Structures are given as C-alpha cells and as structure tokens.
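Please find below some comments on the model under review.

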Amino acid sequence: MKYTKKIVLLLSVFTVLYSCSTRKDTLISRNWHALNTKFNVLFNGEEAFKKGVEGINENYKDDWYQQLPIEPIKFEEDKIIIPNLNSGMGAGFDDDNKEESKATTPFGIAEEKAVKAIQKHGMNINDLERNRQIDDAYLLLGKARYYEQRFIPALEAFNYVIATYPDANLIAETKIWRAKTNIRIDNEEFAIESMNLLLKVKDTLEVDLPEETKEHGYTTLAMAYIKSDSIENAKKYLIKATEILKDRNQGARNLFVLGQIYSSENKKDSALLTFNKIINFKKAPYKYKMHAHIELAKNSTNDSTSAAILEKMYALIKERENRPYLDELNYQIGYLHEQNDSIDLAVDFYNKSLRAESDNIKQKTFTYERLGNINFNNSEYQVASSYYDSIINIAVDTLNLRFRRIKRKHRNLASLINFEETVSKNDSILRIVALPKSEQEAFFQKYIDDLKKKDEEAAQLKLNQQAFGDTFGGNLLKSNKKGKWYFYNTESLNYGKAEFQKIWGNRALEDDWRWSSQINSNITDNDSIVVNKENLRYNLASYLETIPTEKEKIDTLHLKRNEALYELGVIYKEQFKDTRLAIERLERVATLNPNKELILPINWHLYLIYTDLNNDVKANEHKNVILTDYPTTKFAQVIRNPDKPIKEEIAVNKIEELYKELYYLYKEDKFDETVTKINKILPTLQNSKLIPKFELLKAYAIGKYKDKEAYKVALDFVAVSYGNTEEGKKAKEIVKQLSK
C-alpha cells in the first residue's frame, strides 16, 4: 500500500511536469507558463524597468533656457552600438553560449529578466507562440535596450513582435516604441510614416485606440517632426497630445514645449494660454508649474499683464516651498522691473537673485549679464567689465554664441579699463607730487591712521567672533557632549596657549624646544619679522620715499596719462559710440599740454564729434585749429573739400618704406622710440590698409620694454580692432599663448 501511494504520487508529479513542458500545447502548459512569465520573471523585469525610468526622470537636469526635448533623456551619439542583424527565430535577444556576468543596472536587469522569460517560458510550437506573455517580454526587452542606447538590438526586438504577434494586445505600443527608436537613429521619415499608418485610417479619421496609447503616439510624432524641423506639424501633434493629458509627467512636458515654441515664434498670447494651462493642470509636476510662472513673466505682453504677473511673482517668493527657485524668481522680477524702466528696482532684485542659494550656474550668468549690460548702458564700463568677467569665470557652456559675444565684449573693455586705470593712478601720483612736503606727510599720516583703525576693528571683530564661538559653540555644546576634560574646553585651551606663548614665545615643534639658544633665536627672529611688518605697514618714511621727485619720472607720468586720455577718447568715440565720455577725455587732454603729435588728432576727433552733434560753435573752434595750424594736412583737405575724394597723403610705397624703417628701428632694440614714432605716424594713415601692420609692430615693441599686462592690452587692441586681418589673427594667437 505504501509503495502504491509513492508510485501514484511520482506518476502524478511526472504527469504535471510533462504537461507543463514548453513543447506541449496543453491548457495546463499554456496557463502555467503564462502565469510564471507574468507574475514572476516579467514582473521583476518590469519593476526594474520602472526603477530605471524613475532614475532618469529624477537625475535629468533640464536646461530651462533652451527648448526642452520632448523626451527627458540625453543620449550620446558615439555610444550607439550597431551589431549584425539577426532575423531568425528567437531574434531580439542575445543567445550566445558563453555565460555573461549578471546585470547591475535597472535596464540591464530588465533585459535579463525579459531574456529569461523568453528562453525558459517561450512556447514556440510549429512556428506559433502559445505563451501569450512572450510578446510583453519582447516589448520589455526592446524598451530596456532603447534606454541603454542599444537602438539596433532594440529594433530587432520590436520588429520581431510586430512580425510574429500582429494581433498582440500591445502591438500599437510596440509600433510606437519602434518609431521612437527609428527617430534616435535619424530615420524619422520612417517613424512618421509608420505612426501615420497606426493613428489614421484615412485622411484625418483616427483609429480607435486607448487614450494613453494615442497620447504616446502623438508625442512620438511630435518628436519626429521636431527632428525633421517641421515645427508646424510638431505643434499640431503636441496640441493633440495635450488634449488627452493621461500621462501627468509627459503631458506637462508637452505643454511646456508647446508654450516654448509659441514663445520662440513671438506668439505671446498663445504662449500665455499654454503656460496657464500647465499652472491649472492639477496633476502637473511642481517644477513645470513654477517654470510656467517664470515663462509667463518672460512673455508678458503689456503693462496690465505685467503688473498681474509681477504681483503673482511676489506672492510666489513668499512661499516657503519655492526657496529652490528664488534665484529664478528674483531674476524674473528684476527683468519685469527693467522692462518697466525701474532700473534701481531691477538691480536690487538681480542682486537678490545672486545672493539666493543655488547651484544654477547658467542662471547666475544671465543675472551677471543683465547687471553688466545695465552698467554698460550707464557708461560704467569698469563695473560692467567686472560682471562680464564673473560670467567668464563661472560659465560652463563656453562654446555657445552668447558666451562668445560676452567674451568679445569683455575683451573690448580690457584696453579701455587699462587706460582708465593708468589715468586714475597717474592722476593720484601727480596730485601727491604737487603737494607741499607738509601736506604730503599729513596725507600719508591720515592714511596710516585709517589703516591702523581698520586693522584694530578687524582684530576686535575676530576676537568677538572667537568669544561668541567659544561661548555658544565650544563650552555649551561640547561640554554637554564630550565631558569635562580640559582639552574639550575651548576657553581653557586658548588660555593655556596664550600663557605658553607669553612664557616661551612661538616655538617650533621639535626636540629640546626649551633650550635657551633655541628660545632666544626664535623669539628674536619672530620679533624682527613682526617689527619689519609693522615698519612697512605703518612707517611714514616708507610712504614718502615712494613719491617720485626726478623730473624725468614726473614727465613720464604726464606723458603716459595724456596718451591714455587720448586713447580713451578714441575708444569711446569709435568702439562704444559714447560721445559724452569721448568729449570729456579728449577735451581734458587738450588742456594738459599734450605732445605736439596729439594736438592734430585730438582736434580732428572733436571736430567730427561736434559736427555729428550739430554743435557748429564747438565744431568751428576745432576746425579753425586744424585749418590754421595744420593747413597742408589731409584733415584740412577733407574740411575744405568734404565732397571731393582725397588721395592718400602718403603713397603706398612710401608707407612701406616707413614701415621698414620702423621695423629696423625695432630690430635695433629701440623699442620706446619705435612706439613713439608709430604713434606720430598713425594719425596720417587713416585709410591705409597697412595700419594693422604698424599696430602689431607697436604691440611687439611694447612687449619688449613694458610688462606682460601692457603687452596683452596692446595685442588685444590689434585683435579686436583688426580681427579679420592676418595681424589681428596673429595677435589673437599670441594672447592665447600668454593666457596659458
């Protein structure tokens, strides 16, 4: 009896196992493998896939200053793998005999589970798959490979499903994924054709598909049309997709992209309606709602709209949950104020944007740029340059057109700032030189007294901070946590350290530190260092010694200051079109007894400026100087015959001879003389094509007898002023080498 029961049990087990074979087309076998596929292997694979997609959505950083991609994922083109195609039975997964290492990424695990489901539970009997879950496994396999950027193997999986399971319940979804994959390999024409076949029966008649599938299909079509630069069609299908909004993440994203397209087309009203739709979409993720508010500010059309949006932005700033967006919100408020010509308020909010805690580097560059432009427009060029410099120091996307323009603007300001600093510095020195001895002493004594006061205040502040830290950070907190040992008490440590230094001085960490020879030598050395530092910092005589007294040095200061003022006048006139500052600098240098070679060009530039301003009195004043003192020059000829084309005062061959003479002068190491002569000749070469050669030679000469910074400024001038010439390009190359 016992043996009979055992035999019956074994036969039953064998019968069940036999009936569950993947080679037996029985009801039990089909259902057993389908259930195992769905609720065991495939379930785990789909969970891993969901985890991978969630990771992409969480880690993907959108650039809200560019049009968002419809699908929030960034693929690298050089990672696309193109294997040999396999269209045979079981195509769509790797069936190498060698054992591969276990997958560790979510998409790798999903692929592994899909392959396992196909291999262990596939019931392909007489070329017909009997397990209804296998098409799901192939779809999962293709999607996992898609996200791993293995597009060709993904296509194999999708094509196998479409060819083998044409009536599968997920066939529409599979076709959509195949279309997305084709878009990724630049085959958007096929994607558009296949999606139109899927979504339309005839003309505009749509197939009866689930709404989620339709939304996914329209989104994919929009992706394909954007890839093929057909924006009108992309808008059409984004509108269709956003009429459904079953997928909260993708739906909000589609709306945002649609709003950005309207904004780029300057269709402000349509953009406002679209961004408002995001704000009113209750299920939309918060980041889309916040940036929709910001886009409303960017697209405000009139004063009433702007006022309402401004009020809303103020309210958003007050909400605690919006702290991560304070830099962007404050920036947009500043932008709205700037548009309304409330420049002071705009500057205030731009500064608040910079002070907000954020790692959004791109936002900071936009804020710095706004502040730089405001100062630039107010002729505060040095302040503007500092803001542009901040952009250059922190910018990440240094290859885009916007950054290159900012860098060019900053470079143009470099020579101007250098000349302004020369004027300011030399003016200060010459002002002190002109003072009587007693006033010089009083001036520096006041400076020393102010310096001592600032040092004392800084020292006191440091002591106060230490005391505050000891009281609240050291004694109260540390004593509660770490016991009563004196090394845990900051106050005791500081007291002991002070007493040690009082007795022993500053001792090095070494053996036999108490020997008197060591003590004496150390104390003497340290004390002498302190005394020397104090003497250098607070000693009146050391300051008085820096005042130049030799006539040659004082004359050089005058000369450099006057040259800098003239250069500034020309730069403000020619490069920045700032006539006010150009007049101010040129008229000032005219009153400072400049070198004779500067008098003619100064009067010429002032004549042109006042003529453009229709100030005949001032224009005639400078015209008369040219006609009276320089009647034979080209400038006088132009004034007398403004409508008559003039001949070059100096023939081309004569200019070339002059250049050779100056070049030989340069080769003889007479650099200062070379620069002086070039400055004298340049005003007479207004229309010559050889001017860049003279300017570059002048820069070379400056580099030989002045510092590196002066050399760079001279080269920058050539690079900016004559950027399209061989000389300008050469100057750019040298500047790059000097900057390394």
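1. In this predicted model, Asn 603 touches His 622, Val 625 and Ile 626, leaving aside residues up to four places away in sequence. With His 622 the link includes a polar contact between the two side chains, at 3.0 Å.

2. Asn 603 itself is placed in helix α25, which spans residues 596-612. A polar atom of the Asn 603 side chain also lies 2.8 Å from the backbone oxygen of Ile 599. The relative accessibility of Asn 603 is 10%, and the residue therefore counts as buried, the limit being under 20%.

3. Helix α25 also holds Trp 604 and Tyr 607, which are 3 residues apart, about one turn of the helix. Both are buried: Trp 604 has a relative accessible area of 10%, and Tyr 607 one of 15%.

4. The aromatic pairs come to a count of 33. For Trp 604 and Tyr 607, the ring centres are 5.9 Å apart and the planes stand at 35°, so this pair is classed as tilted. The angle falls between the limits for stacked pairs, under 30 degrees, and edge-to-face pairs, over 60.

5. Elsewhere, ring pairs join several residues into a cluster, namely Phe 49, Phe 107, Tyr 146, Tyr 147, Phe 151 and Trp 177.

6. Two placements of a charged residue over a ring may be noted. The charged end of Arg 402 sits over the ring of Phe 366, at 3.9 Å from the ring centre. Lys 693 lies over the face of Tyr 659, with a distance of 6.0 Å to the centre of that ring.

Technical notes:
Residues are numbered from 1 along each chain as its sequence is written. This is a predicted model: local features need pLDDT of at least 70, side-chain atom pairs count only at pLDDT 80 or more; totals for chains, interfaces and linings use all residues. Side-chain values use heavy atoms; hydrogens and water are left out. Helices (H or I, at least four residues) and strands (E, at least two) are DSSP runs, numbered from the N terminus. Buried means under 20% relative accessible area, exposed over 50%, partly exposed in between (1.4 Å probe, protein chains only). A polar contact is a pair of N or O atoms within 3.5 Å; within protein, one must be able to donate a hydrogen and the other to accept it, and residues adjacent in sequence count only if both atoms are side-chain atoms. Contact means heavy atoms within 4.5 Å. Rings of Phe, Tyr and Trp (its six-membered ring) pair if their centres lie within 6.5 Å; planes under 30 degrees apart count as stacked, over 60 as edge-to-face and the rest as tilted. A charge sits over a ring if NZ of Lys or CZ of Arg is within 6 Å of the ring centre and within 35 degrees of the ring normal.
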